[in-house]
Amino acid sequence: VSALTDLTLAEARDGLKAKKFSARELAAAFNTAVEQIKPLNAYITPTPERALEMAAASDARLAKGEGGALDGIPLAIKDLFCTKGVLTTAASHILDGFTPPYESTVTEKLWAAGAVMLGKTNLDEFAMGSSTTTSYYGPTENPWRRPGDNRPLVPGGSSGGSAAAVAAHAALGATGTDTGGSIRQPASFTGIVGLKPTYGRCSRWGVVAFASSLDHPGPMTRTVRDAAIMLGAMAGHDPKDSTSAPLPVPDYEKALTGDIRGLKIGIPKEYRVDGMAAEIESLWQSGIAWLKDSGAEPIEISLPTTKYALPAYYVIAPAEASSNLARYDGVKFGLRVDGDSLDDMYEKTRAAGFGAEVRRRVLIGTYVLSAGYYDAYYLKAQRVRMLIARDFSEAFKKVDCILTPTAPSAAFAIGEKADDPVAMYLNDVFTVPADLAGLPGISVPAGLSDGLPLGLQIISRAFDEETVLRVGHVLESAAAFTHRPSFVAA
Amino acid sequence: MIASPKRFGPFRRERPKIMPLDKATVARIATLARIRVGEDELEPLAAELSGILDWVEQLMAVDTENVPPMTSVAEMTLPMRDDVVTDGGNVDGVLGNAPRSAKGFFAVPKVVE
């Protein structure tokens, strides 16, 4: 028998149902794995005792044949989701000691489906970043290393702790959030599957807010099937989030038919960006060939406003962040630095509590929303955003989904790009458009470049996660990505 | 006739020329954002933020005449509910994470002498 930590989520679920092992045994194996991957700094707060307690409750339910869709499945939770009674940091100093008295809707749903919490994972501070290096708790390392090169690499970000934990077999799946690419880009960098659902599919209630019109919770797993299973448990209408869609949740696993014959796949010509690595272009061509061999029809499309997606994002996201982060003032929770007056206390607390990237974005956001600049920057960006959404609507008149690379490069070394914010922002060039338009997208591991994983992305129409999963599943089978990172818990 | 700053200022819609942020502007927005920024940090921050704004300036090349700003990501109208109290009466929960509280309130430095 292979190690329990080598199972996929679907295999573990079936094994638990067939009583091949208990939820407690599974949780214990993963608690050990969490311990083993400590050098990666993927978890901020492991919760091994809670995992064992939840697993014991799962075993009782499974024994009675009452198990839910995820009963006994050990998961990691990005430390942006509020978890009742468990430290929630958003990887920021300013949330020091914050222990939520409530549970986020998404995690509540996961626990209701029987899932087991292994702990809270590291991220870029307030999810602002593409490398998990801006965390107050230190950077997370990618379990992958370039062959013959010992430099630690970033796992991508902002959901880098979740990605590293899943890739290193120290969780069967993890929650992530995607605002500009924070699920899909780290999935690509660590060789796992990351699914950003449609805006409104998964509730944002209880998720520490970064940019409310762009924040999308979603699953990160090792296989497309696992993502389908996990999404089914996370999704659904929530009256506590006014932007949550009042739509039924399909059985996503049923969408994995393997049949994509006749499907029209859009290939956007604007996604050939300057300086993109040749390996990425060739992997993209392989992806096109795989889908064609499976009976789909590739069609060149145009998304003309794409090249303005990143600058629009870097107006809208900081604007929303500056507003959302106004609540961190040293009064209601977290860090307080005393001052002579209320304003003095606010200013000192926020100076000490926010890291450099968060401060940069709050200042940019404050500027673009300030009197005299609101029209020129914020409204302009929201008009460009409308054009980006229209580009997609036009494309979906001709095609059923769109195939692109996930990221313009493989993982880079920790510390690289740190001194050039704009170079760091370019990581999200292929993922940001789907966030701006609120469309579902998945990254599937498809190949290696210089020994490091690369993902391909499928984007589809709003609320059509089923097509994203169906095509992603075919891509996954064709790519047959079986490479393992250099550091795997065992 | 007094020129409206929106039309004739440096940020008018047609081919605007965005001035890089200077130290004084950074100090002003830091105050608006209630983040204390040291005097020695103003210059490097001004350069850094100007770099980002310069890059964002490419947006001005997009023709957005007659394009409405996006206000809602998903095409849905916000739901209404009955205007009734659904939660509350949980002072301990609300104050549980406060750095300082007293007699059922958040405690802050003295505001009125």
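How many residues of chain A are in contact with how many residues of chain B? In this predicted model, 68 residues of chain A are in contact with 50 residues of chain B.

## The interface between chains A and B

The size of an interface is often given as the accessible area lost when the parts come together. For chain A and chain B the buried area is about 5,400 Å², and carbon and sulfur atoms give 69% of that area. Between the two chains there are 6 salt bridges, and the count of residue pairs in polar contact, with both residues at pLDDT 80 or more, is 15. On the chain A side, at least two residues each are supplied by helix H9 (309-324), helix H10 (342-353), helix H11 (356-369), helix H12 (374-395), helix H13 (421-425) and helix H14 (432-437). Of these, H12(A) gives the largest share of the side that touches chain B, namely 14 residues. Sorted by class, the side of chain A that touches chain B has 38 nonpolar, 14 polar and 16 charged residues.

H9(A), one of the helices that supply this side of chain A, is mostly covered, with 15 of its 16 residues buried.

A:Arg360 is placed in helix H11 of chain A, and because its relative accessibility is 10%, under the 20% limit, it counts as buried.

## Other salt bridges

Side chains of opposite charge can pair when their charged atoms come close. A search of the whole structure finds 31 salt bridges over all chains. In one of them, A:Asp450 pairs with A:Arg146, the closest N and O atoms being 3.7 Å apart. Because A:Asp450 lies in the loop between strand E10 (441-449) and strand E11 (452-460), and A:Arg146 in the loop between strand E3 (116-121) and helix H5 (160-167), the pair ties together parts of chain A that are 304 residues apart in sequence. A:Asp450 counts as exposed, at 54% relative accessibility.

A further salt bridge joins A:Lys397 and A:Glu394, whose closest N and O atoms are 2.8 Å apart. Here A:Lys397 is exposed, with a relative accessible area of 64%, while A:Glu394 is partly exposed, at 43%. Elsewhere, salt bridges that share partners join A:Arg13, A:Asp14, A:Arg225 and A:Glu253 into one network.

## The surroundings of B:Leu42

In chain B, B:Leu42 lies in helix H3 (residues 39-56), and it is buried, with a relative accessible area of 7%. Apart from residues up to four places away in sequence, B:Leu42 touches B:Lys23, B:Val26, B:Ala27 and B:Val37. The C-alpha atoms of B:Leu42 and B:Thr25, which are 17 residues apart along the chain, are separated by 9.3 Å.

## Backbone features in loops of chain A

The peptide bond from A:Gly157 to A:Ser158 is cis, with omega near 15°, and A:Ser158 is found in the loop between E3 and H5 of chain A.

Although A:Lys19 is not a glycine, it has a positive phi of about 60°; A:Lys19 lies in the loop between helix H1 (9-17) and helix H2 (23-36) of chain A and counts as exposed at 54% relative accessibility. A:Phe463, also not a glycine, has a positive phi of about 65°. The place of A:Phe463 is the loop between E11 and helix H15 (465-479) of chain A, where it counts as partly exposed at 22% relative accessibility.

Terms used
Residues are numbered from 1 along each chain as its sequence is written. Chains are lettered from A and ligands numbered from 1 in the order in which they are written. This is a predicted model: local features need pLDDT of at least 70, side-chain atom pairs count only at pLDDT 80 or more; totals for chains, interfaces and linings use all residues. Side-chain values use heavy atoms; hydrogens and water are left out. Contact means heavy atoms within 4.5 Å. Buried area is the accessible area (1.4 Å probe) that two parts lose on being put together, summed over both. A salt bridge is a side-chain nitrogen of Lys or Arg within 4 Å of a carboxyl oxygen of Asp or Glu. A polar contact is a pair of N or O atoms within 3.5 Å; within protein, one must be able to donate a hydrogen and the other to accept it, and residues adjacent in sequence count only if both atoms are side-chain atoms. Helices (H or I, at least four residues) and strands (E, at least two) are DSSP runs, numbered from the N terminus. Ala, Val, Leu, Ile, Met, Phe, Trp, Tyr, Cys and Pro count as nonpolar, Asp, Glu, Lys and Arg as charged, and the others, Gly among them, as polar. Buried means under 20% relative accessible area, exposed over 50%, partly exposed in between (1.4 Å probe, protein chains only).
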